[in-house]
Amino acid sequence: MIDIELIRNHQEVVKENIKKKFQDQKLPLVDEVYELDKKFRAAKTEGDQLRGDRNRISKEIGVFMRQKEFDKAEAAKQSVKDIDQRITDLEAEEKEMEVEIRKRMMVIPNIIDPTVPIGKDDSENVEIEKYGEPLIPDYEIPYHADIFQSFDGFDSESAGRTSGNGFYYLQGDVARLHSSIISYARDFMIDHGFTYVIPPFMIHSNVVTGVMSFDEMENMMYKIDGEDLYLIGTSEHSMIGKFMGQMVKEEDLPRALTSYSPCFRKEVGAHGIEERGVYRVHQFEKQEMVVVCHPKDSAYWYDQLWKNSVDFFRSLEIPVRTLECCSGDLADLKVKSCDVEAWSPRQKKYFEVGSCSNLGEAQARRLSIRIKGKNGNYLAHTLNNTVVASPRALIAFFENHYQKNGDITIPKALQPYMGGQEVIHPKK
């Protein structure tokens, strides 16, 4: 959510930003907020003046009574009653206008960073750099579900009976590799100075609306029936919510945290659920990075976060690239974002395995996360990035380490988590 001062004093900046995001249907919201805010401030000013008048007249009543000027005292009492009623009406109008202003402000997109490339959708995202050689072997690499099944490690049929489409069982070596990658990601981030956290996996609606846009919420979140609780789509949601309503001391920043959680997503929209594999599913596990920092440090942390993901995948000997998200592909709260994509030797292309985002003060404004500074208080900046999300990382791992005979090699970084194994062999 942007600062209301931008609409009060720089409407054209806000409108130009909306145009850059190709959301012209939201342009009228800027004028609507401007007019509502004018009326709101006028009502507030009138209310403050009336409260002053009420205090003055209330003092006069005592003077009139002592002087036995009862007619004047009664007239003054009636004035106070009239003022009280007007103040009550104004307060109701203010609350109503506050709701209408916030409703519109919540869908006006954040001001994007000047370095963000302008484009309508993800087809216009810009490749920044490749890391590692994207090799294509001289033998066929099977579809990932078929590789998993060759290890007797994947069962979507049983999951279909218990839970429906978009769920799966992992077992044996595949399940162990899945857990090993998550555990290695945890230790990788701890070694990079991040504090490890296991957060709540359900959050209240006011946290949900604080960390994401309404469109994202509708397409992603599962609600617990009859309760004000949602299953998290990523641990970023509850991790940022941890600081909701808090005043963080300047000297205690930055707060660099890494969190593990299961994640639950409806995956409503154009992509839908993958029918046979595990690329797009309703349930997965994830290791996340979250940073709360000074505004002046957020650009630095943005670069640190995506570099951590690149280093993590390269330590697993998986080629990756970074892709700068264009303006039309940015969620409304984001200032700047890039995707980390892993190489798929089977498809001969890259695919997304994580996303790094700088949200500026948008989440902090919605959730009232403030910094207590020596020269006054101000809003924090928040950032997040995926360390690893399994099973997408599992797909990249199996494809890039698949051998001609069906074996999967284990890179040195992961061998301690696999009981020292250097290779695993298929059962089928």
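Start with Asp152, which sits in the loop between α5 (144–150) and β2 (154–155). Helices here are DSSP runs of H or I with at least four residues, strands are runs of E with at least two, and both are numbered from the N terminus. This is a predicted model, in which local features need pLDDT of at least 70, side-chain atom pairs count only at pLDDT 80 or more, and totals for chains, interfaces and linings use all residues. Residues are numbered from 1 along each chain as its sequence is written, and side-chain values use heavy atoms, with hydrogens and water left out.

Stay on Asp152 and look at the backbone: phi is positive, about 55°, although Asp152 is not a glycine. Buried means under 20% relative accessible area, exposed means over 50%, and partly exposed lies in between (1.4 Å probe, protein chains only).

Next, select Pro254. The loop around Pro254 runs between β8 (247–249) and β9 (255–264).

Now move to Ser368, in the loop between α12 (362–367) and β14 (370–373). Ser368 is a residue other than glycine with a positive phi, near 55°. Its relative accessibility is 36%, so Ser368 counts as partly exposed.

Finish at Pro391, found in the loop between β16 (381–390) and α13 (392–400). Which form does the peptide bond from Ser390 to Pro391 take? That bond is cis, with omega near 25°.
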